[in-house]
Amino acid sequence: MAANGMKVALHRQVSGGSMKHNAELRRQASLESPRTGRATSRFLFGRQSSMDPNRRRGRSQSPVGSSSSAAAAEAADLTVPENLDATMQLLFFACQGDAMGVEGLLRSGVDVNSINLDGRTALHIAACEGHRAVARVLLTWKANIDARDRWGSTAVADAKFYGHSGVYDLLKAHGAKMPKNKRTPMMVSTPGEVPEYELNPGEVQFRRGYDVTPGMYHIAKWNGTKVSVKILDREGCSDQEAANSFRHELTVLEKVRHPNVVQFVGAVTQHIPMMIVSELHEEKDLTACIQKKGKLHGQKVLRYGLDIARGMAYLHQCKPDPIIHCDLKPKNIFLDSGGNLKIAGFGVTEVSKVNSDKVRLLNHEDLVDSFSYHTAPELYRNDAFDSSVDAYSFGFILYEMVEGLVRTPEDSGHSVRFEGARPSLKGKLKGYPSDFKALIEECWHPQAMARPTFSEIIIRLDKIYAHCAKQGTWKDSLKIWK
C-alpha cells in the first residue's frame, strides 16, 4: 500500500448510509513514520485541518467528491487495495457521513481514537465535513473530544472554522473547548514564505490601558510613528468568515499605491493577534470638515472633488479587477497634513463576479444595516452592480461639500433609495457653472448606465476648475469663492 509511486483511489459502495457515494483516497507525500522512522504514505480525506498551512495554499485538499477530469482519469486506472487498514476505513466512513459504517467498525473492535499520520481522528474528519450524526456516534463510543492533530487543531476548532454550527454546538455541549493555539489562518511553513510586508508585532504598540476592539481601526505606534491598526484576535482567527474577510482586505490594501488613497504600511500574519497597519491621518475626516464649516469654500469643493475622483479612478483601474469601494462617504475620506484628501475603507466589502462587468455582494444581509443615503439603490436591492455605485456616492459627497451634510429622516431615506428622490438643487448652486450641477445629477442618477466614470469626472472637474480660475480672482468672480 505504501509502494513508491503508487496512488490509490477508492471507489467503493459501502454500507447503506453511503451506497450512493464514491470517493477517492489520495496519497499526498511521503512522511517519516513516527514509529518506524521510514517513509510512509500520508492519505487525505475531504477538508483538511483548519490549522494545516498546506490547506491554505491549496496543496492538501483531497479529491474526495471531486469532479475534476484529472481526478476522474486517475481513478479510472486504479483499484481498491484489499488490505485497506481499519483506521483508514474508519476515517473514510467518517468523511462520507456513514454513521452506520462507523458504528459497525467500532463494534468490530476498531479504536475510536485511531489516528492517521497527521494525528487526525475520525472525529476531526466528521467535524470538518459537518457530519453531526457521525460525530454523535463517535462521542457515544467515548471519542477523545479534545484530541489534537499535528497542527494543534481539535474537532471543535475544525467545526467552527468550516462553519458547521450543528457539529460545533454538539461538541461544545459535550464539553469541548477551543484550543489556545499560536497558529494563524495565514501561517506559512518555512521562513522563506513569510510575506515581504510582515511586521514584527513587538514594534506595534497600543496605548496602555486602551481598549482595542477587534475588527476596528485604532491608533497605535509602529517604531514610534503613529499608525492606524486593525486587529484580528484569537477568536477571529478561528472564525473562517472573519479570517477570509481579513485576508481579502489585506490582499486589496497591499497592492494599492496612490497619493489620494490611504497607504498600506504592513501586516502581522504569522502571530496572533493578526494586524493590518496603514498610515494614520489624525487631522480630520471629511465629515468633520463639513460639520465645522457647514459649507466649504468653492475652490476647496473642486479641489477636494478632484482628490476623491483621482483616488477612485485609480482604484477602478486596478488590474486584474477594479476595486469597487461600495461604501464611499465623507467618513471614509481623510484630510492629510498637506491639505489633500485620502480615501480609506475600501477592500472591506467582498463581492463575487456575475460576469465580466458585474459583481454581487457576498454578505448583503450583514451590510444592509450599515448602508446610508450614499449607497446606490442597486446595492440596497442586492442586484448585480458595477463601479458606477461609487459615482452615485460621489454625487452626494459633492452636494454635501456645497450645502452641508444631508439630513434624511427615515421616511425620506426610503424615497432616496428606492423612489429616486434627491435633495433639491434649485438655487443652491448659485454661482457654480451649469456643468457642475449637471455633474451632480448625473452621478446620483438612479440608472447606473447614466452615471459618468471617474475618468470622465476628472476631466469635467478640471474644466470647471479652469473656467472658474479664468474669471479673474476666485474672490471677485463668483459668489461661491467668497
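How many residues lie between S6 and S7 in their hairpin? I looked this up as my way in, and I found 5 residues between the two strands.

**Entry 1: ground rules**

I am working with a predicted model, where local features need pLDDT of at least 70, side-chain atom pairs count only at pLDDT 80 or more, and totals for chains, interfaces and linings use all residues. I number residues from 1 along each chain as its sequence is written, and side-chain values use heavy atoms, with hydrogens and water left out.

**Entry 2: the overall picture**

I noted 19 helices and 12 strands in the protein chain; helices (H or I, at least four residues) and strands (E, at least two) are DSSP runs, numbered from the N terminus. The chain has 482 residues, and 50% of them count as buried. For me, buried means under 20% relative accessible area, exposed over 50%, and partly exposed in between, with a 1.4 Å probe and protein chains only. I also looked at contacts (heavy atoms within 4.5 Å). Among those between residues at least 6 apart in sequence, 64% join residues at least 24 apart.

**Entry 3: the sheet**

I traced an open sheet of 5 strands in the order S3-S4-S5-S7-S6, with antiparallel pairing; two strands pair if DSSP finds at least two bridges between them. Strand S3 (204-205) and strand S6 (264-268) stand at the edges with a single partner strand each, so one side of each is left without a neighbour in the sheet.

Strand S4 (residues 217-222) and strand S5 (residues 225-232) run antiparallel and are joined by 6 bridges. There I saw Tyr 217 standing opposite Lys 230 in S5. Helix H10 (residues 240-253) packs on this sheet, where it touches S4, S5, S6 and strand S7 (274-279). The direction of H10 makes about 30° with that of S7; the axes are lines fitted to C-alpha atoms, for helices over the stretch in contact, and angles run from 0 to 180 degrees between N-to-C directions.

S6 and S7 run antiparallel too, with 4 bridges between them, and Gly 266 has Val 277 in S7 as its bridge partner. S6 is mostly covered, with 4 of its 5 residues buried. In the loop between S6 and S7 I found Pro 273, which is joined to Ile 272 by a cis peptide bond with omega of about 5°.

**Entry 4: aromatic rings**

I counted 9 aromatic pairs in the structure. Rings of Phe, Tyr and Trp (its six-membered ring) pair if their centres lie within 6.5 Å; planes under 30 degrees apart count as stacked, over 60 as edge-to-face and the rest as tilted. Why is the pair of Phe 161 and Tyr 162 edge-to-face? The ring centres are 5.2 Å apart and the planes stand at 90°, so this pair is edge-to-face. Both Phe 161 and Tyr 162 are buried.

Phe 394 and Phe 454 make an edge-to-face pair as well, 5.4 Å centre to centre with 70° between the planes. This pair links distant parts of the chain, 60 residues apart: Phe 394 is in helix H15 (residues 388-403) and Phe 454 is in helix H18 (residues 454-470). Both Phe 394 and Phe 454 are buried.

I also marked a cluster in which ring pairs link Tyr 373, Tyr 392, Phe 396, Tyr 399 and Trp 444.

**Entry 5: helix H3**

Helix H3 (residues 86-96) is mostly covered, with 10 of its 11 residues buried. Among them are Met 88, Leu 91, Phe 92 and Cys 95. After H3 comes Gly 97, which has a positive phi near 80°.

**Entry 6: two loops to visit**

Which residue other than glycine has a positive phi near 65°? I found that Lys 142 does. Lys 142 lies in the loop between helix H6 (132-140) and helix H7 (155-161) and is exposed, with a relative accessible area of 69%.

Cys 326 is not a glycine either, yet has a positive phi of about 75°. Cys 326 is in the loop between H12 and S9 and is buried, with a relative accessible area of 7%. Pro 320 has its place in the loop between H12 and strand S9 (333-335), and the peptide bond from Lys 319 to Pro 320 is cis, with omega near 5°.
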